[in-house]
Amino acid sequence: MKTWKKFIGVSAATLLAISLAACGNQNKSSSKDTKTGDSKSLLMYQVGDKPENFDELMKIANKRIKDKIGVTVDIQYIGWGDWDKKMPTIINSGESYDIAFAYHYVANAQKGAFADLTELSKKYAKDYLDQLPEMYIKGNEVDGKLYAIPVYGNAWGQQVLTFNDQYVKKYNLDISKVDGSYQSATEILREFHKKEPKIAAFAIGQNFNASANMDYPLGKDYPFAVRLDSNDKPVIINQYEDKDFQESLKTLHQWYKEGLIPTDAATNTTGFPLEGNTWFMREETQGPMDYGDTILRNAAQQDLTSRPLTEQVKTTSQAQMANFVVSNTSKNKEKAVEFLNLLNTDPELLNGLVYGVEGKAWEKVGDNQVKLLSGYKANQHMAAWNTGNNMILYTQDTITEKQVQERDESIEKAKTSPILGFNAKTDKVKTQLSNIMNVMNRYKANLNTGSIDPETTIPELVKELKQAGWDDVQKDIQKQLDEFIENSK
């Protein structure tokens with residue numbers, strides 16, 4: 001599972017737990033009538049872990065869906081471990097399905113795998129689209145067209161350094177000076193390491209990518225970035241050549257040499273359980289719907305405190321974090337969009353899926369608040385971040401009106417990336433990108449976990465990236481970005 005998936009599965013999912021389960025009937029026709037009568041059943045593919053009480057949840061949900069729009073929904077879960085194998089097969093085979101959590105959204109939209117929802121959404125999902133911040137529309141337009149109905153979730157993202165409060169309190173550690181950089185955490189990590197040398201001071205593993213106030217047009221795994229603190233025209237750089245980023249890597253390397261980072265970080269794929277006591281500090285992703293550390297604490301089932309590492313930023317990746325697409329093979333495109341509109345505008349439907357069975361897992365204690373009951377279980381409801389509109393979810397009774405107000409204000413005030421809505425086409429540089437990724441696979445884990453010296457390694461990395469075609473890719477994508485910025489004026 002990629003790091004961002006882990007982060008999201010924790011931070012935006014505490015009200016829930018995501019879903020697994022093999023794909024199931026891949027030959028099932030999305031247009032077949034079901035036993036519920038003459039109404040059709042929409043076939044929908046979802047990523048994650050299937051709730052243990054899935055049948056009970058869907059029996060309740062489908063009754064409401066059928067009453068409202070005359071169809072039912074057949075959700076087939078695909079686990080994270082199978083997702084990258086099964087979804088390409090489903091898409092490339094031309095299988096008839098209706099809805100899916102978007103797989104490689106931009107690339108598959110460009111090649112025609114997903115239905116153009118530009119006009120369909122205006123007719124069948126207008127109620128929901130009217131609620132969406134503009135960043136979600138802009139961030140999901142591909143060549144001027146909309147191919148997804150996005151989940152209104154964490155409109156901005158921020159990297160934070162999260163501390164395990166049991167150790168903070170036990171050793172009376174002051175984490176208040178940790179603010180905006182890895183370097184600011186050095187002394188507190190050293191102090192903790194003296195007390196607990198066998199506990200991971202900074203718990204990271206193979207998939208860790210060091211963070212910076214940058215946006216990444218091809219994703220964090222590739223060496224292409226745009227700084228967010230420049231007022232000039234956005235320029236695509238190699239973040240590994242950026243002086244500030246290099247300082248962060250030097251800090252991580254110093255931590256590694258001092259034993260503050262596990263010695264097997266570059267190869268460790270098992271991670272450190274959020275709810276455990278095997279770690280002191282970790283990096284997490286948070287957004288407005290997390291209400292500070294509230295959601296993270298729920299997931300961890302223990303007290304945690306986070307300090308900011310990067311700015312709060314609205315980016316294309318945030319806008320595309322949880323997209324639902326309609327297949328071009330679907331025979332039920334209108335109903336599919338109508339269902340996505342219902343899912344994102346009907347509080348009774350969505351809250352029942354995200355919190356679990358009302359009366360067992362939760363009860364309303366106000367117009368828009370819920371109290372979790374003893375029957376609330378982490379594996380007996382769907383994930384909030386990749387199910388539906390978080391703005392119509394009831395808040396837990398522990399969330400104050402002030403926190404809700406701060407949430408809404410932060411969405412308005414968060415910085416907008418200068419490349420929001422930019423989706424690069426990579427057809428002309430596929431070979432170079434493949435070669436570049438081969439190079440990154442040899443260096444990335446070791447560099448980002450501090451396992452090797454960046455001062456001696458980065459010159460080697462840059463040289464190999466150049467040989468792999470970095471300049472060709474940068475020139476091609478920069479030209480596209482310049483045109484995008486000009487056309488956006």
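The model is predicted.

Strand E7 spans residues 158-164. Seven of its seven residues are buried, so the strand is largely enclosed by the rest of the structure. The burial can be followed on each face in turn. On one side stand Gln158, Val160, Thr162 and Asn164, and on the other stand Gln159, Leu161 and Phe163; all of these are buried, so that both faces of E7 are covered.

Which strands pair with E7? One partner is strand E11, residues 279-286, which runs antiparallel to E7 and is joined to it by six bridges. Within this pairing, Thr162 has Arg282 of E11 as its bridge partner. Strand E12, residues 304-308, also pairs with E7 in the antiparallel sense, over five bridges. Here Val160 has Pro308 of E12 as its bridge partner.

Arg282 also takes part in a contact with a ring. Its position is over the face of Trp279, at 4.8 Å from the ring centre.

The aromatic side chains may be considered next. Across the whole structure, a search finds 21 aromatic pairs. One of them is formed by Trp83 and Phe101, an edge-to-face pair with 6.1 Å from centre to centre and 65° between the planes. This pair links distant parts of the chain: Trp83 belongs to helix H3 (residues 80-92) and Phe101 to strand E3 (residues 99-101), and the two are 18 residues apart. Trp83 and Phe101 are both buried.

A further pair is formed by Tyr182 and Trp255. Their ring centres are 6.3 Å apart and their planes stand at 85°, so the pair is edge-to-face; the cut-off for this class is an angle over 60 degrees. Where in the chain do Tyr182 and Trp255 lie? Tyr182 is in the loop between helix H8 (165-170) and helix H9 (186-195), whereas Trp255 is in helix H10 (residues 243-257), so the pair ties together parts that are 73 residues apart in sequence.

Are Tyr182 and Trp255 buried or exposed? A residue counts as buried when its relative accessible area is under 20%. Tyr182 has a relative accessibility of 1% and therefore counts as buried. Trp255, with a relative accessible area of 0%, is buried as well.

Together with Trp80, Tyr103, Phe324 and Trp385, they form one aromatic cluster.

Definitions and conventions. Residues numbered from 1 in each chain as written. Predicted model: local features only at pLDDT ≥ 70, side-chain atom pairs only at ≥ 80, totals over all residues. Heavy atoms only, no water. Buried < 20%, exposed > 50% of the residue type's maximum accessible area, 1.4 Å probe, protein only. Helix = DSSP H or I, 4+ residues; strand = E, 2+ residues; numbered from the N terminus. Pairing = 2+ DSSP bridges. Phe/Tyr/Trp six-rings, centres within 6.5 Å; stacked < 30°, edge-to-face > 60°. Lys NZ or Arg CZ within 6 Å of the ring centre and 35° of its normal.
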